[in-house]
Amino acid sequence: MRRNLLALSLVAWLAADPGTAIAQTTPHPILFVTQVPVPVDFATIGSTFANHLASSAAVYRGGDLWIRYPDGSRRNLTQEAGFGRIGAQAPDGIAVRDPHVHWNGTKAVFSMVIGAPAQFQQNPYRWQLYEVTGLGQGQTAVITLVPNQPTGVNNVMPAYLSDGSIVFASDRARNGASHLYPQHDEYESAPSITGLWRLDPAAGALKLLDHSPSGDFDPFVDSFGRLLFTRWDHLQRDQQAEDPMFGNFDWANETAGAQILGTMTEVFPELRVTPNGSPVVGHRFNNFFPWQVAQDGTDAEFLNHLGRHEFHDFFNLSFATDPNLVDFTPGNRPNPNPIENVFHLVEDPTMAGRYYGIDAPEFDTHASGQIIRIVAPPSANPDSIVVDYLTPRSTFGTVPAPDHSGHYRNPLVLSNGTVVVAHATQQGGVQNLGSPEEPIPSYRFRLKLMVAGPGGALTPGAALTPGISKSVSFFSPDAQISYNGELWELSPVEVRARPVPPTSSEPVLANAEVQSFATAGVSAATLRSFMRRSGLGLLVVRNNTHRDAADRQQPFNLRVPSGVQSVGSGGTIYDIAHFQAVQGDQVRGIGGVGSPNPGRRVLARFLHETQAVANNLPNPSGPAGSVPIFADGSSAMFVPAQRAMSWQTTAPNGNPVVRERYWLTVQPGEIRACGGCHGINTTGQAGQAPATNTPAALTALIQHWSNLNGGLMFADGLE
């Protein structure tokens with residue numbers, strides 16, 4: 001069926017793009033995709049989030065996988081391999097996205113959806129992973145389905161890890177349960193990516209590397225072996241629950257047969273809107289930032305610990321009644337150039353640790369905006385990292401300006417240092433200049449070389465193709481949509497062999513934690529073995545009173561009753577006695593109790609996972625899901641692995657004092673230790689260095705666990 005292309009249509013297609021060379025040369029071939037423009041920017045192929053959906057309304061059929069050679073000549077690889085068509089797209093039209101080239105330069109992995117509906121059909125289309133070989137001039141393209149990947153779900157944005165396995169984003173339910181599919185994001189309750197997954201295609205081994213309640217995007221391994229990606233952090237209360245029109249409700253738990261509750265409950269974080277007379281300021285949260293994780297899923301954190309204090313130019317304090325706390329403004333920080341988000345992050349092959357990305361608004365630009373750059377090798381302290389604006393700041397938004405040169409996405413730095421981007425000249429927001437049935441897009445993305453412009457800013461230069469046009473029609477699914485014109489050119493990648501980065505994994509335990517195990521008389525290997533079998537990770541904080549000097553938005557004069565304190569100024573001192581965890585449970589229903597929509601939204605629930613609670617230190621005077629903070633400021637807690645987790649420190653009476661604002665995933669057997677929260681970059685609020693004390697809480701937890709499980713662990717031969 002896929003090879004059954006009408007001869008006349010094929011002739012017309014080839015005539016529209018004969019593959020003739022154009023003048024601009026590149027050092028290596030460039031792989032890219034074409035996409036029939038979708039002039040809608042919510043939950044469609046070009047959107048910042050929910051861009052993984054595969055319906056013909058979300059991603060128009062008719063795009064292809066292309067390669068452009070250094071002399072400008074081109075090949076349509078999907079057509080060559082027997083996929084795709086022009087004209088009517090039913091039944092086997094395709095769309096293609098996200099190519100990534102293997103380290104050896106001879107093959108690439110990408111995502112493709114196959115199929116288009118006849119009128120009034122509602123077919124369950126899904127993105128799946130494919131590999132292509134035969135990339136050299138004179139070779140023949142061969143495209144094969146990646147074996148053993150999850151089926152019946154959307155698998156997108158693949159990349160190769162150092163060992164040749166594949167990391168990708170997927171909307172597969174965290175635990176594979178069909179009744180939890182799809183996960184809904186924390187903002188608009190749109191279907192979301194659940195996180196990053198690792199697949200060994202030969203063995204079929206599948207592993208969740210990061211559970212993200214709102215989505216992970218564009219993973220790749222940098223030259224240091226770190227797995228980098230953009231993460232959407234939106235840990236706030238459900239705004240749609242405030243409007244009954246959405247029909248939100250709560251399930252009692254995550255099971256398929258759970259009871260529907262008569263009330264909705266949210267326990268974390270703060271309310272979105274400040275209640276009248278409340279000292280607690282309303283909490284709204286929404287950013288797309290670069291994250292890093294080891295290739296085995298351990299050691300997740302912001303890229304170089306870069307966060308809101310290093311990137312943003314404003315956010316609120318947490319307690320309005322504490323004069324020590326202030327709304328955040330940049331002040332005299334080293335980075336003078338604030339940004340909102342980071343999309344489409346890539347590394348510069350000419351300089352290890354230098355990254356290019358796009359700062360774009362969440363709507364109205366198809367995830368295109370301003371080109372930015374940061375230098376962030378592993379050795380760089382976030383306090384010293386500066387954002388470079390490579391195009392004018394006006395290109396971030398949709399307000400026309402004299403220096404606004406259009407919008408940019410999908411940057412690629414070639415091996416000679418030249419920058420290639422997908423560029424649209426449009427300065428304003430997304431518009432359909434035609435009709436729903438015959439769309440005319442206001443954004444027309446073309447691959448272009450960037451050149452130096454006025455004042456040193458980059459500006460678009462020559463196009464890499466003369467334009468690739470196509471005539472298609474399809475149903476979406478009731479109305480017929482017809483398009484005849486230029487296609488978007490997106491997602492360029494250079495086709496060349498590259499050095500294989502080192503494989504990264506969980507870092508070795510620091511001396512502080514090693515001493516805890518020695519004092520407790522238990523080996524770390526013994527405990528890790530139990531944790532892996534039990535699906536647990538371990539969070540250790542050496543001193544919860546330590547806060548980074550830049551963070552004056554949450555309390556920083558902190559004291560453990562009858563223990564340590566860190567006091568950075570006069571005024572209120574907060575006692576903290578408990579470390580309380582929340583776990584991300586998919587229990588928020590959508591669409592009404594009579595006929596709920598498929599899937600659920602994640603909500604924070606106080607830690608209740610049985611294995612974690614049963615093995616944690618008892619804390620009878622503390623709030624639900626908590627462990628005690630010891631006199632040295634430390635805490636240690638077992639938590640469920642491969643599930644989004646967050647936490648807060650509380651006063652002796654259980655009232656929250658300092659809240660973590662991000663979800664974090666740990667792997668089975670992972671021991672995740674930090675000096676304090678918010679961690680110290682250079683110095684803390686009281687001028688202190690990061691904590692290096694042997695955490696008394698960890699020693700006590702290991703001894704407690706050993707007393708509970710010692711007989712079992714020796715019987716199993718784990719020592």
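1. H423 has R446, in β25, as its bridge partner. Strand β24 (residues 419–424) and strand β25 (residues 446–452) pair in the antiparallel sense, over four bridges. Two strands count as paired if DSSP finds at least two bridges between them. Helices (H or I, at least four residues) and strands (E, at least two) are DSSP runs, numbered from the N terminus.

2. This is a predicted model, in which local features need pLDDT of at least 70 and side-chain atom pairs count only at pLDDT 80 or more, while totals for chains, interfaces and linings use all residues. Residues are numbered from 1 along each chain as its sequence is written, and side-chain values use heavy atoms, with hydrogens and water left out.

3. β24 and β25 belong to an open sheet of four strands, in the order β23-β24-β25-β26, with antiparallel pairing. β23 and β26 (458–463) stand at the edges with a single partner strand each, so one side of each has no neighbour in the sheet.

4. The second largest pocket holds about 1000 Å³ of space. A pocket here is an open set of points on a 1 Å grid over the protein atoms alone where a 1.4 Å probe fits, with protein on both sides within 12 Å along at least five of seven lines; lining residues have an atom within 4 Å of a point. The volume is the space filled by probe spheres set on the points, which are joined across faces, edges and corners.

5. Which residues lie nearest the centre of the second largest pocket? They are H100, F220, L345, V346 and V493, out of 47 lining residues. Strands that each supply at least two residues of this lining include β1 (30–35), β9 (155–160) and β23 (407–413). The largest share, six residues, comes from β5.

6. Helix α5 (residues 524–534) has eight of its eleven residues buried, so the helix is largely enclosed by the rest of the structure. Buried means under 20% relative accessible area (1.4 Å probe, protein chains only). Among the buried residues are L527, R528, F530 and M531. G535 follows α5 and has a positive phi, near 70°.

7. A second open sheet has three strands in the order β32-β31-β33, with mixed pairing. β32 (565–566) and β33 (574–575) are at the edges, each with a single partner strand, so one side of each is left without a neighbour in the sheet. β31 (residues 558–559) and β33 run parallel and are joined by two bridges; L558 has Y574 of β33 as its bridge partner.

Methods:
Buried means under 20% relative accessible area, exposed over 50%, partly exposed in between (1.4 Å probe, protein chains only).
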